[in-house]
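Work through the exercises below with the sequence and the model open. Each task is followed by a solution in steps.

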Amino acid sequence: DSGAIAVVPHEGFLTSQADFFEGAGATPPWRMDAFYRHVRKRTGLLMEGAKPLGGRFSFDGENRKAWRGTPPPPEPPRFAADEVTHEVVELVRTSFSHHPGTVDTERLPATAAQAEALWRWALDQCVPSFGPYEDAMTVQSSGLFHTRISPLLNLHRLLPKQVVNEVAASTDIPLASREGFVRQVLGWREFVRHVHVATDGFRSLPERHVASAAHAGDGGFGRWRAAPWPASPHGGALPNALAATQPLPLAFWGTRSGLHCLDHVVASVWRDGWSHHITRLMVLSNVATLLGASPRELTDWFWVAYADAYDWVVEPNVLAMGTFAVGDVMTTKPYISGAAYIDKMSDFCGRCAFDPKKNCPVTRLYWAFLERNRSRLESNPRLFGPLASLRLRASALREGDARTHTRVSELLARGEVLTPGNLAP
């Protein structure tokens with residue numbers, strides 16, 4: 001009452017709880033686009049008075065191009081490691097020698113100056129081409145035109161106000177790329193944090209009891225390494241709207257699966273401690289979801305594997321978007337696909353033993369997923385088309401889909417490599 005304490009908003013975020021409830025609504029289902037429109041209007045970013053710059057709030061429909069070799073992907077900068085970096089790296093090597101992955105000291109922007117240098121590189125080399133190719137994937141670059149700044153934003157080594165203001169003001173960058181970047185930071189990043197806070201990490205959902213794990217999971221580490229992960233008492237929520245209970249395949253820890261898309265992305269994650277949002281969603285989460293892997297185990301794996309992983313980041317992106325484990329609380333449908341999408345948006349399939357148009361098991365797994373979850377998803381308007389196609393699919397094909405799901409699950413659980421031969425009908 002005396003006014004002796006002033007509450008200052010945290011500079012690591014751009015919006016308030018009031019923004020969230022005013023934009024997305026007081027109760028779920030919450031939708032990012034409504035929240036995003038609200039905060040664009042309030043902040044004035046990319047606005048001309050009351051109207052969005054360019055006449056639209058989102059250019060997402062134009063930002064879905066596959067990358068076919070040009071423009072060339074930029075090479076991330078390297079940084080000279082100082083004594084402190086070497087000391088920390090040595091601590092990691094001695095105290096976490098059981099952990100998978102590698103440490104490349106020259107890839108770590110450790111100082112404030114290095115963080116700023118990475119951002120200058122990202123603004124100049126990545127953001128101009130980010131928009132059209134933000135959904136593209138390639139073996140030639142793990143990041144393509146993604147800025148790689150999410151670890152620095154989540155550690156608050158870079159502040160979101162700086163990066164969105166600079167991108168919004170950069171009129172030499174195409175509007176679709178500027179808007180796409182702003183939507184990721186001002187829209188999605190803020191949105192998932194608010195959802196996480198409002199639901200207490202999905203422990204509190206309207207008219208639904210959600211159990212919590214007694215302790216933190218290991219993402220399948222114990223099965224892979226045959227050794228326990230250090231115990232932690234802080235277990236996460238266990239929503240599971242699609243009743244998915246299969247163990248996460250050993251392939252997520254580096255055992256070859258035979259699916260080049262999965263093996264390539266997993267290898268890049270253990271090399272970089274990071275991958276961009278489409279490889280997270282449409283390769284890693286997609287394959288796990290099609291297999292019926294435990295949403296909690298996949299979430300815990302992301303928590304272990306990614307340098308930008310915080311509970312407010314990982315749980316909404318995996319439990320909600322990646323696996324649809326919380327239903328339609330913040331997303332409208334499961335984000336799943338067969339091989340056709342991966343083939344369209346990447347060059348992964350050209351190096352695989354499987355042909356995406358003939359025998360890739362990802363397509364069979366897609367149809368098997370729809371069949372297993374038909375009763376749970378039949379009221380979802382976003383899936384009327386796929387479920388109508390499922391009803392027209394011959395019974396012999398549906399039986400083959402189920403056999404493929406069983407066979408793939410068994411082989412991957414044993415750490416065996418999938419081949420056209422061992423999946424032949």
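**Salt bridges and burial**

Glutamate 179 and arginine 183 are both buried. The model is a predicted one, and it holds 24 salt bridges.

**Exercise 1.** State how glutamate 179 and arginine 183 meet, and where they lie.

Solution.
Step 1. Their side chains meet in a salt bridge, with an N to O distance of 2.8 Å.
Step 2. Helix H7, residues 175–198, contains both residues.
Step 3. They are 4 residues apart in that helix, about one turn.

**Exercise 2.** Find which residue forms a salt bridge with aspartate 308, and decide whether aspartate 308 is buried or exposed.

Solution.
Step 1. The partner is arginine 280, and the closest N and O atoms are 2.7 Å apart.
Step 2. This pair links distant parts of the chain, 28 residues apart: arginine 280 belongs to helix H10 (residues 277–291), while aspartate 308 sits in the loop between helix H11 (295–305) and helix H12 (311–322).
Step 3. Buried means under 20% relative accessible area. Aspartate 308 has 3%, so aspartate 308 is buried.
Step 4. Arginine 280, at 17% relative accessibility, also counts as buried.

**Exercise 3.** Describe the salt bridge between arginine 296 and aspartate 300, then name the residues that shared partners join into one network.

Solution.
Step 1. The closest N and O atoms of arginine 296 and aspartate 300 are 3.1 Å apart.
Step 2. About one helical turn separates the two, because they are 4 residues apart in helix H11.
Step 3. Arginine 296 and aspartate 300 are both buried.
Step 4. The network consists of Asp60, Arg64, Glu179 and Arg183, joined by salt bridges that share partners.

Technical notes
Residues numbered from 1 in each chain as written. Predicted model: local features only at pLDDT ≥ 70, side-chain atom pairs only at ≥ 80, totals over all residues. Heavy atoms only, no water. Salt bridge = Lys/Arg side-chain N within 4 Å of Asp/Glu carboxyl O. Buried < 20%, exposed > 50% of the residue type's maximum accessible area, 1.4 Å probe, protein only.
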